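Here are my notes on this model. Please keep the structure open as you read.

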Amino acid sequence: MHVTVTITPVRKGVLSFDRRRVTYCCRLSGVPPQPGRRQWCGQRQTGTKAKFATPGSDGICHFYGRLMLASLSTMMSHGFKSSKQDFIFGPWKVTAAKNHIMKSKDIERLAEEMNMPSLPEMLFGDNILRIQHMDGYGIEFNAIDALKRVNNMEDAVKVACAQEWQESRADSEHSKEVVRPYDWTYTTDYRGTLIGEVVQVTETAERIDMEKLKAREQIMFFDDVLLFEDELHDHGVSMISVKIRVMPTSFFLLLRFFLRVDGVLIRINDTRLYYEAGKNYMLREFSTREKKIAELKNVPAALYTDPNEIAQHLTLKLMVCEKLELPMTEPQTAADNCLQ
């Protein structure tokens, strides 16, 4: 498979390209990415071939300097179309909107507004998943609000090479730490954005019945929305996405933040939301699980890149169970909630 993109010389004889766009381009081209495992073959002279490989994939993307057949923007426009889906569930409307990756200039402006040195390489600022009642209240999930929960003043994780980096620069005035004046992993404890002021949040001992959710039931609507992703300068991956499935009498949502810092740790922050037709509340559970890579020696490394598989091997650090109490409404029958 070949992908051609415009490569601009930034100084005599040296090529440069927007890695964030290339990553997105390869996603659209059908090359299954493995977050944090991409190999960049370095800069090449103008007019020669620079190679980008995704380990484990069936294809290699080749970039050519002078002989361009199409620009990246052209390929992106042909490979992706914005979409918006609405599904009616009784008095609720579920909306899933997917749009293009944000432009670099918009990301830079947003980073300045949020007082952060940089933002994720792939930021989908217009992607959203919203659950809204006909009376106006509800909850939604979007990338911007998720990033507002990132610590923009403190570096929480050092990369695996930090110690080696320090030792090689022992005489330097900056040798005591890798300078990153913010949480460069974009770790967020985002649990959603409430719509309206009538939804009350209280702690509860009631839990989501996961066994009930395992029962075979017709899925009337499903969607999966990516909010942002970053490869942490080739030190791993940080990403957050939200998915929802609607059954005849209930809906279940999972917002998952997944972090892998190669050689250091793996962390998963999950927010689960469950609603059963006719009840005047939703159940929301937030959990944090993590473990250092050194403590996962008995776990196959192949599982490190799969959040679903690695989650069971991580240590539960925090669990918060809440009720989102809704205004009293007339009970809905199962038949009412099946209507689309």
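The points below cover the ground rules, the cores and the strands.

1. This is a predicted model: local features need pLDDT of at least 70, side-chain atom pairs count only at pLDDT 80 or more, and totals for chains, interfaces and linings use all residues. Residues are numbered from 1 along each chain as its sequence is written, and side-chain values use heavy atoms, leaving out hydrogens and water.

2. Start with the largest nonpolar core, which has 51 residues. Such a core is a set of buried Ala, Val, Leu, Ile, Met, Phe, Trp, Tyr and Cys residues joined through side-chain atoms within 4.5 Å. Buried means under 20% relative accessible area, with a 1.4 Å probe and protein chains only. Leu119 and Ile131 are among the residues with the most contacts inside this core. Strand β15 (residues 250-261) gives the most to this core: six residues. Strands are DSSP runs of E, at least two residues long, numbered from the N terminus.

3. Look at isoleucine 131. Not counting residues up to four places away in sequence, its contacts (heavy atoms within 4.5 Å) include Trp92, Phe251 and Met282.

4. Now find strand β10 (residues 138-142). Five of its five residues are buried. Gly138, Glu140 and Asn142 lie on one side, Ile139 and Phe141 on the other. In a regular strand the side chains alternate between the two faces of the sheet.

5. Which strands join β10? Strand β9 (residues 128-133) does, antiparallel, through five bridges. Strand β11 (residues 193-195) does too, antiparallel, through three. Pairing takes at least two DSSP bridges between two strands. Glutamate 140 stands opposite threonine 193 in β11.

Methods
Buried means under 20% relative accessible area, exposed over 50%, partly exposed in between (1.4 Å probe, protein chains only). Helices (H or I, at least four residues) and strands (E, at least two) are DSSP runs, numbered from the N terminus.
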